[in-house]
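Please keep the structure in view while reading, and look for each residue as it is named.

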2 protein chains.
Amino acid sequence: MNLIQIKTYYQKLIPTMQQADWEALSSRFNYRQLKKGEFLTRQGEITRTVSFINKGLLRMCYLIEGKEICTGFVCENEYISSYASFLTQTPSAENIDALEECELVNLSYEDMQQLYKTNPVFETFGRRIAEYLFIMVSSQTTRLLTLTPEERYQSVIEYQPFVIQRVPQYMIASYIGITPEHLSRIRKKISSPV
Amino acid sequence: MNLIQIKTYYQKLIPTMQQADWEALSSRFNYRQLKKGEFLTRQGEITRTVSFINKGLLRMCYLIEGKEICTGFVCENEYISSYASFLTQTPSAENIDALEECELVNLSYEDMQQLYKTNPVFETFGRRIAEYLFIMVSSQTTRLLTLTPEERYQSVIEYQPFVIQRVPQYMIASYIGITPEHLSRIRKKISSPV
DNA sequence: CCGTCTTCTTAACAAATGTCAACCAACTGT
DNA sequence: ACAGTTGGTTGACATTTGTTAAGAAGACGG
């Protein structure tokens, strides 16, 4: 299993990590592959791991009255998890599935708690991850409240171009809170301004 | 300054905190009062403190083209801050102002970093706070994407009753992403179901 | 190479939500 | 007690967004 990417990720977030820390950490990793369409997490299941994405693209999504509503897309060199479920060890409200073939490096809840106990450097890491995720999701909330659908689409283009390139439009539509038809009209309007 | 409430708060989040830890922490607190309408944080300012609310009620809000859009309400026995600004020490995108007369216990960024360095127990605390905030804000994002305005209002009634009781309706309206007029109609519909 | 999915687009129409303006009730300070 | 302010409601109307249905373009497996 290739650990270069994930090591770089940790080194960036906690530069004080020593070789011994890294070994304590990496010995607990589990490798996993997902085919396109496979689920990492299902609604109702308790999320037992966080997954670093070596390769591929996944989405978080809700199934409401037969309709899928995407709440996020994550690709290489980031962690993905139904993190609320992971943290509280209660059933996940959302699904996570692979939009592309994926290679994941998993770390279990028990191992993470163990690391927290044995070494404060991992507390720091856990804190920074949570802080980062907080900033990400609160900016998404802000966008939903303060921007029009068209502006939200523009902000995806600007700040998450990989989503435009790799995610089907009807999923992006639900992510910005509109229907696929409406997004199609917005795109038409943008491409041929008056 | 009354520290009973904030001490209880810390003890709940980190039961392993010792008396010496508490003293290291509480010696850094600063007390502050806010009158109704006063600002704790202004758009563009860097947030230098986190504030524990001993008494009162504050809101986070954006000013967009002359219109206020509220993103959250926080009352007694919780922390409030423009946390993204605090964490990154960059200008805040949002305002925070007092909806009632407030008593706050403040902790500065520098003191917090100092505490993180000197004692891992505060890292744990910081991590749990960030995790908690992440869960809160991501559930708000989910509500915005998956619920109708009426359902969002119902969920405020159910899960944040203090908001219904203590926050003006036109602010609640922006919080759930609709106009005050529309909220008024929703309330009428709810109160006299067909 | 063919059919079948999947995804995207378009149009007509319907429903939800916003805008504007007026009015009312409650509260506030003098 | 009064005038001003704030917050809430209502109605008519405009705009935005959703719904439904149909069709087109491209991807993909057999």
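## Where the chains come near the DNA

Of the 15 residues around DNA strand D, those that come nearest are Ile178(A), His182(A), Pro168(B), Gln169(B) and Ser184(B). The model is a predicted one, and the positions described here should be read with that in mind. At least two residues of the surface near DNA strand D are supplied by each of three elements, namely α9 of chain A and, from chain B, α8 (169-175) and α9. Of the elements, α9(B) gives the most to this surface, with 6 residues.

The table sets out the classes of residue on the two surfaces.

| Surface | Nonpolar | Polar | Charged |
|---|---|---|---|
| near DNA strand C | 5 nonpolar residues | 5 polar residues | 4 charged residues |
| near DNA strand D | 5 nonpolar residues | 5 polar residues | 5 charged residues |

## How the two chains are related

Chain B is superposed on chain A by a rotation of 180° with 0.0 Å of shift along the axis, and the RMSD of this superposition is 0.0 Å. That is the relation of a two-fold axis.

How many residues does each chain bring to the contact between them? Chain B gives 26 residues to the contact, and chain A gives 26 residues. On the side of chain B that touches chain A, the elements that give two or more residues are β4 (57-64), β5 (67-75), α3 (83-88) and α5 (120-146) of chain B. Of these elements, α5(B) gives the most to that side, with 18 residues. Sorted by class, the side of chain B that touches chain A holds 14 nonpolar, 9 polar and 3 charged residues. Because 100% of the interface residues of chain B are also interface residues in chain A, the copies meet through the same surface.

The secondary structure of chain A consists of 9 helices and 8 strands. Its radius of gyration is 18 Å, which is close to the 16 Å that the globule rule gives for 194 residues, so chain A is as compact as a globular protein of that length. The C-alpha trace of chain A spans about 60 × 35 × 30 Å along its principal axes.

Two packed helices are described by the angle between their axes and by the distance between those axes. In chain A, helix α6 (residues 149-159) packs against α9(A) at an angle of about 75°, and their axes lie 10 Å apart. That angle makes α6(A) roughly perpendicular to α9(A). The residues that make this contact are Pro149(A), Glu150(A) and Tyr153(A) of α6(A), together with His182(A), Leu183(A) and Ile186(A) of α9(A). By class, the contact of α6(A) with α9(A) has 4 nonpolar, 1 polar and 1 charged residues. One of its residues, His182(A), is also among those that come nearest to DNA strand D.

In chain B, the axes of helix α6 (residues 149-159) and α9(B) come within 10 Å and cross at roughly 75°, which makes α6(B) roughly perpendicular to α9(B). This contact is made by Pro149(B), Glu150(B) and Tyr153(B) of α6(B) and by His182(B), Leu183(B) and Ile186(B) of α9(B). Its residues divide by class into 4 nonpolar, 1 polar and 1 charged.

Technical notes
Residues are numbered from 1 along each chain as its sequence is written. Chains are lettered from A and ligands numbered from 1 in the order in which they are written. This is a predicted model: local features need pLDDT of at least 70, side-chain atom pairs count only at pLDDT 80 or more; totals for chains, interfaces and linings use all residues. Ala, Val, Leu, Ile, Met, Phe, Trp, Tyr, Cys and Pro count as nonpolar, Asp, Glu, Lys and Arg as charged, and the others, Gly among them, as polar. Two residues are in contact if their C-beta atoms, placed from the backbone, lie within 7 Å. Helices (H or I, at least four residues) and strands (E, at least two) are DSSP runs, numbered from the N terminus. Axes are lines fitted to C-alpha atoms, for helices over the stretch in contact, and angles run from 0 to 180 degrees between N-to-C directions. Angles under 35 degrees count as roughly parallel, over 145 as roughly antiparallel, 65 to 115 as roughly perpendicular and the rest as oblique. A residue is near a molecule or strand if its C-beta atom, placed from the backbone, lies within 6 Å of it. Copies are superposed by least squares on the C-alpha atoms of residues with pLDDT of at least 70 in both. The radius of gyration is taken over C-alpha atoms; the globule rule is 2.2 Å times the number of residues to the power 0.38.
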